[in-house]
Amino acid sequence: MRRSQHASGPRIGLGRGTDNAVPLADIRVGLHIAALVPREGGIAIEKLGSSPLIINGDSVDYARLNPGDEILLGPYRIEILPPPEGCDGAIQIELVQPMGAALERLSAGARIGLERTGASKRIYAWTGFVVIAVICLAVPIIFYSGGYMQPWSKQATNPKFPQLVGLSWNAGTFSNAHRFFAADCKTCHQGAFAAIPDNACLSCHAKVGNHVMHHVKLGAVGEELASLRCVDCHSEHRGIEGSVIREAHLCLGCHRNLADRAPAAEVRDIGGWPQGHPQFRATLVADAAKGATMRAELGTSPPPMDHPGIKFSHAAHLVKGGFPALGYKEMACADCHVAEPSGQSYLPITYKKQCESCHELSFDKVALPWPDAKVPHGDDVGVIAAVWNYYAGLALRGGAAAAPIPAAAPADRRGAGMPAPPAAAPPPGDTQGWVTAKSLEALRIVFDERRGCAYCHNSTAADGAWNTDKILAGALPPKADPPHVVAPVMLRTRFLPNARFDHASHRGMDCEDCHASRTAQTSGEVLIPGVDNCVKCHGGEKASLQAQSTCITCHIFHRSEFGAMRMTAGATP
Amino acid sequence: MSVSEPVSAPGAADLRPTRHESFLAFDRFRFLKWAVILVALAIVMYLLVRPYGRPYGGGWTGYTLGTVGALLILWLTWFGYRKRSYTENAGRLAARLSAHVYLGIALFFVATLHTGFHFGWNVHTLAYALMCIVIASGIYGVYAYVRYPRQMTENRESMTTVQMLGRIAGIDDELRGVAMPLDDATVAVVERAITDTAVGGSAWRQLSGRYPGCTTAMAIAHMEAHAREVAPANADAWRQTRLKLEEKGAVLQRIRADIRYKALMEVWLYLHVPLTFALLAALTAHIISVFFL
């Protein structure tokens, strides 16, 4: 097919584009491949784009064209003809390389695009969806519902695979204490889409202590407390440290205003720690004779006084240099205060263990084949009989003849204001008289108003003073049921019973860092430090330069002394 | 398509992006602002509303972030479905794409806060990991969409793939002509270069643009090696053949680079789409497992 066309303009474009003055309808040709421009009465060609422009066998970018020139433009051959009248130039275009089988073959062999490599997004997508839905969703549900997962028990050993399946659903790090049964979901998760029942917890923690005493009526607060479920405060899967919530505001939610809401609880409002925590209240002895205690705020002026019923001076015992005249070295706290095995607190102070080694109760120095003549400690009603029995025994061994009572008691045994010893010595041969006289002589020292019992103890008299004559009047020979002479003693081992102080975790400190024992002259002075002492080291729960401390650092929620929690928590076994 | 290109200011009502506006800069970065606000809110909530103990997926913050994250995943997936529909007008599409990118990135932060930074070998972390891979592949996709079209255009020089193939076919035809007088061995390699032209192929070939057994390169190497053995009468045909082969090599290089750019621009979808489906399954398992037990 041959046709001719007239084109005019400053540039005659050649190319595939239909906007070219001379369109070349072949896909192998660029959109704008070349342009003819008038030049010096003739025409020239200018290459556009990247396709090579070959004129008479040479690849050029620009060339003046003369009739007879041959241009190869892709599959086209362009021949320059002599220009007709009124035209700058004339060309003849011929498609010399028709697109043949080459392109079809090439197109068929080319695999362009990833979708032609056999990869299918759709297949991959549905495969991934199904695989994960089966492994991560269907299998665990089947294992759980089908009974493959058994609650942990001491007897049964669960197969490993169901445990592994269960672990694939594990919502977070198990607490260390629960790990040994944690792979068996059903131990705690007893029903699908159901919260953990308290019974799941109580099956192991049946004896967990209550928070309040059962008989205390707390009204709405009590109901609130009773409605709490274990998981309200304890959440598992929250880290190896454990499932105990440590945040103060869990406690403060109630304790911020308990004084008004539950006055029966007799607790003061707490705003936080260290700010907002009231001064400690110590439990002190109010009356040792009656066994009565009292709660007294520390740090008041005048300071609260304890009434343990004993005369004791920490300051006197801790005197620098000790007691060289008596051969005793300087004392240290640990000489008397012995930690219990856990190290948390100290064993009770007893005469036998702490006092006797220095404060012996011997009342005579006669060498005997039986133990020394000692007043029995802790048995004040037996003292008179013990002394009498001692001298009676001595008399039986002929002691009465060997040691007659001198006419007058030695002056150096008498202190100022002391009652005089019996004026008359019993006649020789009066053994009972001798025993009585010797006993009285010893008992006058034992019941002296400064030495003997009185050195540490109050008497049973109302004012606690020692009236030796009154005690000894008619006391000998011993009676069957003599009256008490020594007032009861009550030494507390815990002064802050609502808190838990662990001495062991403070063992790096010196006792005197907290206890002002060197200046305590009387047993009434309370050596328990106040809150101001604790806040020196213990900051709030987010403290960065102090020990982080929260309510449960010192206080325990579940108080075993209040009975079992399940009795109020609405949980039935 | 680049974030560095100047952004024109379309009217609020006119959702159609201007010709040179990137989807990233759509409506003056409207969705970037949304995403930043969303992430900021999530961080504030994470810091202020703390559950008892260490932060975790539960509690007020955990459930809120989890719900937002799950809804984002569903919405973003829905977008992927709608994007394939050509009934959308271009402006709407640009808006959706812009939102998809920015909210997808925001999802990463929301979901990370939802984890409370607890990870383990379980279905929950599996869902998170799948989500991270989907987001990372999407970010690569954005990079590819920003970077490769320009390189592709520069490489193509306004030719289409079919044009390039046509050019190769033309050169093949020419080669058949010019190589005619050459010796048998050379004609054989030339003929092999003509009949056995690798364009595209395996995923690795498409992605790497490397064609180790390229017959054209082998033919050129053959002619290089035997250049001295050419009979003087054949010198011109030899030179023409050599030139045609080199021209074919250049076009092949160009079309293979073009294929490589195309592959690089779509390969991420082979992670993005299937893993989104896997993620949907894992997300379902995650949500059900949390409330089932």
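Two strands are said to pair if DSSP finds at least two bridges between them. In this predicted model, strand β1 of chain A (residues 12-15) and β2(A) meet that condition, pairing in the parallel sense over two bridges. Within β2(A), A:Pro23 is the bridge partner of A:Gly15.

This pair belongs to a wider arrangement. An open sheet of five strands runs in the order β2-β1-β3-β4-β7 in chain A, and its pairing is mixed. At the edges stand β2 (22-23) and β7 (62-65) of chain A; each has a single partner strand, so one side of each is left without a neighbour in the sheet. Strands of a sheet pair through backbone hydrogen bonds, in either the parallel or the antiparallel sense.

A further open sheet of chain A also has five strands, ordered β6-β5-β8-β9-β10, and here the pairing is antiparallel. Its edge strands are β6 (58-59) and β10 (90-95) of chain A, each pairing on one side only. Inside this sheet, strand β8 (residues 70-73) and strand β9 (residues 76-81) of chain A are joined in the antiparallel sense over four bridges. One of the residues involved is A:Leu73, whose bridge partner in β9(A) is A:Tyr76.

A:Val285 stands opposite A:Thr293 of β13(A). The hairpin of β12(A) and β13(A) has four residues between the strands, and in it A:Gly291 takes a positive phi near 70°.

Most residues other than glycine have a negative phi, and most peptide bonds are trans. A:Phe193 has a positive phi, near 55°, although the residue is not glycine; A:Phe193 is placed in the loop between α4 (179-182) and α5 (198-202) of chain A. A cis peptide bond, with omega about 0°, joins A:Trp273 and A:Pro274. A:Pro274 has its place in the loop between α9 (258-261) and β12 of chain A. The peptide bond from A:Ser301 to A:Pro302 is likewise cis, with omega near 0°, and A:Pro302 lies in the loop between β13 and α10 (314-317) of chain A.

The helices of chain A come next. Two packed helices are described by the angle between their axes and the distance between the axes. For helix α13 (residues 383-396) and helix α15 (residues 431-446) of chain A, the axes come within 9 Å and cross at roughly 135°. An angle over 145 degrees would count as roughly antiparallel; α13(A) and α15(A) are therefore oblique to each other. The crossing of α13(A) with α15(A) is right-handed. On the side of α13(A) the contact includes A:Val383, A:Trp388 and A:Ala395, and on the side of α15(A) it includes A:Trp434, A:Lys438 and A:Val446. By class, the residues of this contact between α13(A) and α15(A) are twelve nonpolar, two polar and one charged.

As a whole, chain A has 18 helices and 18 strands. Its C-alpha trace spans about 180 × 60 × 55 Å along the principal axes of the chain. The radius of gyration of chain A is 54 Å, whereas a compact globule of 573 residues would have one near 25 Å.

Helix α4 (residues 123-156) and helix α9 (residues 235-267) of chain B have axes that come within 10 Å and cross at roughly 165°. The two helices α4(B) and α9(B) are therefore roughly antiparallel to each other, and their crossing is left-handed. Among the residues that meet are B:Tyr145, B:Tyr148 and B:Met152 in α4(B) and B:Arg254, B:Tyr261 and B:Leu264 in α9(B). The contact of α4(B) with α9(B) comprises eight nonpolar, two polar and three charged residues.

Finally, the two chains meet: 54 residues of chain B are in contact with 51 residues of chain A. On the side of chain B that touches chain A, the elements giving two or more residues are α4, α5 (161-178), α7 (203-208), α9 and α10 (269-292) of chain B. Of these, α10(B) provides the largest share, with 17 residues. The residues on this side of chain B divide into 30 nonpolar, 17 polar and seven charged.

Notes. Residues numbered from 1 in each chain as written. Chains lettered and ligands numbered in written order. Predicted model: local features only at pLDDT ≥ 70, side-chain atom pairs only at ≥ 80, totals over all residues. Axes fitted to C-alpha atoms, helices over the stretch in contact; angles between N-to-C directions. Parallel < 35°, antiparallel > 145°, perpendicular 65-115°, else oblique. Left-handed = near helix turned anticlockwise from the far one by under 90°. Contact = placed C-beta atoms within 7 Å. Nonpolar A, V, L, I, M, F, W, Y, C, P; charged D, E, K, R; others polar. Rg over C-alpha atoms; globule rule 2.2 N^0.38 Å.
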